[in-house]
Amino acid sequence: MRMFTSDLRDADANRYPDPFPVHVLKRVDRPTTKILDDRVQRVDERESGFNRARRGDFGPRLKEEVGRFVPKHPVSGALSFMAGALAGVVDGKIAGSRAPLPHDPAALSRHIKEMAYFLRADLVGICRLPAYAVYSHTFADGKPVELHHKYAIAVLVDQDWKTYRASTGHDWISAGQSFLSYSTTAFISCALAEYIRRLGYPARAHHARNYQVVVPPILLWSGLGEMCRIGDIVLNPFLGPRFKAGIVTTDLPLEVDKPIDFGLQDFCDKCGKCARECPSKSISHGNKVMYNGYEKWPNNVAKCTAMRVGNKHGSSCGTCIKVCPWNKPFTPFHRLVMWSMRNIPLARRFGIWGDDLMGYGKAEERYKWWYDLEEVDGVMRVAPKGTDIEFYEAEEK
């Protein structure tokens, strides 16, 4: 057993499992977002924008639309169905005995990352699970959440650059791109949690159909990004905001990653392109504020939810993702530009100007592959054409 452990540790120690060069990123002791740990309160999942719309906080029309804005397009409907099929398999039986694993958290972390990449994750990070990252109550039944695992493993899945290149960000494929990532992270997180349980350790998967954790703080502490102007969104230096995340919480002893600093607070302070292009004008042009013990750029949840749920000429909205200067393919040219953005503060303003000059953020129709269809009363029809942005407004109580 001693030889097995040594061989595994030595083999893993000399290579990086990640598909992106995460080892070149600047690591820091705390996230670049100011967090007053003792003042951050756990949040109730029932208070999210979609769940508030579901209970009628934003008016009867959005309450009606929230049940159909994803399945009304066949791509997002199919992917949402697959994510839903995995809602009930997030937890399970733990093996009666523990597998003969190395007594080395670093080796186990490398192994878990390799497993996640084997399952087709795009990026993986690990952190200690902050108590405030656990929801206080679930939206499904309103029950208090009891989750005491020590570690959180975050897996990111790309929403597909090629499709974003063709999309406006608020057309019929928008929810499909979200649920491409949601359904894939559901599969990865459920499989990874089951694997860890078979090794003899407790583990629970958290994905879009069964979260018990708040994702952004986990991504911050696991070194997968920084908070950005879009709102409660973490932006990754290689994928930008073009991803969704699944989480596995566990007691398997792991080595954690450190947070990263790639200059995004300065960049987003200068940029504001997402606020300029947001169809609902829900993203602020102003400065950051303190909210629930941490610092963030404010976001109007009612307006954002209204556009995503009540979009009359599409299924949901991801315009902020589409237009973000960090939403780029991983090509040699863009790698050079992103390196400059991370390391040369003066280059950031020129990068923002160049993004507009090159026409990024506009739809390139020749890459479009999906059909504009909409299901209405159980019948699939050609979606109504419309170039104007129209959505059902929120009627806040």
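Reader: What covers the buried residues of α14?

Author: This is a predicted model, where local features need pLDDT of at least 70, side-chain atom pairs count only at pLDDT 80 or more, and totals for chains, interfaces and linings use all residues. Residues are numbered from 1 along each chain as its sequence is written, and side-chain values use heavy atoms, with hydrogens and water left out. In α14 (residues 345-357), the buried residues are Ala347, Arg348, Gly351, Ile352, Gly354 and Asp355. What covers them includes α9 (264-270), α10 (273-277), α12 and α13 (332-343).

Reader: What do the words "buried" and "helix" mean here, with cut-offs?

Author: Helices (H or I, at least four residues) and strands (E, at least two) are DSSP runs, numbered from the N terminus. Exposed means over 50% relative accessible area, partly exposed lies in between, and buried means under 20% (1.4 Å probe, protein chains only).

Reader: Is α13 parallel or oblique to α14?

Author: α13 and α14 pack at an angle of about 130 degrees, with their axes 6 Å apart. Axes are lines fitted to C-alpha atoms, for helices over the stretch in contact, and angles run from 0 to 180 degrees between N-to-C directions. Under 35 degrees counts as roughly parallel, over 145 as roughly antiparallel, 65 to 115 as roughly perpendicular and the rest as oblique. α13 is therefore oblique to α14.

Reader: Which residues of α14 does α13 meet?

Author: Contact means heavy atoms within 4.5 Å. From α13 come Ser340, Met341, Arg342 and Asn343. In α14 they meet Pro345, Ala347, Arg348 and Gly351.

Reader: How many charged residues are in the contact of α4 with α7?

Author: Val75, Ser76, Leu79, Ser80, Met82 and Ala83 in α4 meet Ala175, Gly176, Phe179, Leu180 and Ser183 in α7. Ala, Val, Leu, Ile, Met, Phe, Trp, Tyr, Cys and Pro count as nonpolar, Asp, Glu, Lys and Arg as charged, and the others, Gly among them, as polar. The contact has seven nonpolar and four polar residues; charged, there are none.

Reader: Are α4 and α7 roughly parallel or roughly antiparallel to each other?

Author: Helix α4 (residues 74-85) and helix α7 (residues 174-198) have axes 8 Å apart. Their angle is about 20 degrees. They are therefore roughly parallel.

Reader: Is Ser315 buried or exposed?

Author: Ser315 lies in the loop between α11 (301-310) and α12 (319-323). Leaving aside neighbours within four places in sequence, its contacts include Phe69, His73, Ser76, Trp172 and Ala175. Its relative accessible area is 0%, so Ser315 is buried.

Reader: Is Gly96 buried or exposed?

Author: Gly96 is found in the loop between α4 and α5 (105-118). From C-alpha to C-alpha, Gly96 and Arg198 are 8.7 Å apart in space, and 102 residues apart in sequence. Gly96 has 87% relative accessibility, so it counts as exposed.

Reader: What relative accessible area does Trp339 have?

Author: Trp339 is found in helix α13. Trp339 is partly exposed, with a relative accessible area of 43%.
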